[in-house]
Amino acid sequence: YFKDINDANAESQNVLVEFVEPTIQPFDILDITVQTLDPEINKVVNPGKQQGFTVGAANANQREVHGYSVDKNGIIQLPMIGEVKVAGLSLSDARTEILEKSKKYFKDAMVQVRYANFKINVMGEVLRPDSYTFPNEKVSILDAISMAGDLTIYAKRDNVLLVRDNQGKKEFVRFNLNSKEIFSSPYFYLKQNDIIYVEPAKSKVASTNAARAQTIGIASSLLSVLIVLFTRLD
């Protein structure tokens, strides 16, 4: 990785990447807590288990998360507080919006908002391709690849693909993990539901094709032998 970094003057090559807080989208799941001075009200506003949703692939990584689902219009329904439009807001802005609405009903309330299902999909030549849910929204492409167990020896490090859904339109971005330029990319930090695809190198494709051809050849030879045997038995 990052072969163009010169160790002799590494300090002069530092690159700062600005993290832009992602905005909430329809169908996101938010974990929201509203705390007041009254414990009885807290029980009503914060049910012991909010609505449950199953996330992740159908394997050991599958789990249930609890929170409030943002509907197709970008709205959530909170107990006692009612409807709050959060789509297009950052988590901090959503917290402020919920806090303002809660002031109509509660005094000195505190609000916490976080993603319950900040999910990134990692596919292709990684050790554990899967769908991964992260505890916070500050996730880089390197974090996602590390979570998936790193690239395999067959991975193309100079052509990693990011697929992003941007308001119904697909964005496609290529990364070269051999270059330090990845750290200055505006796509270095990922967004909810991003897909990372690591392409296999030509050597992996060639070996796979050779193995497939060998299997087909063996199967054809066995079939020919069986045909000859059955013909002689007749």
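**Exercise 1. Find which ring the charged end of R157 sits over, and how far from the ring centre it is.**

Solution. Step 1: apply the criterion, in which a charge sits over a ring if NZ of Lys or CZ of Arg is within 6 Å of the ring centre and within 35 degrees of the ring normal. Step 2: the charged end of R157 meets it over the ring of Y1, at 5.2 Å from the centre.

The model is predicted: local features need pLDDT of at least 70, side-chain atom pairs count only at pLDDT 80 or more, and totals for chains, interfaces and linings use all residues. Residues are numbered from 1 along each chain as its sequence is written, and side-chain values use heavy atoms, with hydrogens and water left out.

**Exercise 2. State how many aromatic pairs the structure holds, and classify the pair Y1 and F2 and the pair F188 and Y189.**

Solution. Step 1: rings of Phe, Tyr and Trp (its six-membered ring) pair if their centres lie within 6.5 Å; planes under 30 degrees apart count as stacked, over 60 as edge-to-face and the rest as tilted. Step 2: the structure holds seven such pairs. Step 3: Y1 and F2 have ring centres 5.8 Å apart and planes at 35°, a tilted pair. Step 4: for F188 and Y189 the centres are 5.2 Å apart and the planes stand at 80°, so this pair is edge-to-face. Step 5: Y1, F2, F188 and Y189 belong to one aromatic cluster, which also includes F19 and F183.

**Exercise 3. Decide whether Y1, F2, F188 and Y189 are buried, partly exposed or exposed.**

Solution. Step 1: buried means under 20% relative accessible area, exposed over 50%, and partly exposed in between (1.4 Å probe, protein chains only). Step 2: Y1 has 37% relative accessibility, so Y1 is partly exposed. Step 3: F2, at 21%, is also partly exposed. Step 4: F188 has 7% and counts as buried. Step 5: Y189 has 18% and counts as buried. Step 6: in the protein as a whole, buried residues make up 35% of the 234 residues.

**Exercise 4. Place D165 in the secondary structure and give its C-alpha distance to D194.**

Solution. Step 1: helices (H or I, at least four residues) and strands (E, at least two) are DSSP runs, numbered from the N terminus. Step 2: the protein has four helices and 12 strands. Step 3: D165 lies in strand β10, residues 155-166. Step 4: D165 is partly exposed, because its relative accessibility is 47%. Step 5: D165 and D194 are 29 residues apart in sequence, and their C-alpha atoms are 7.2 Å apart.
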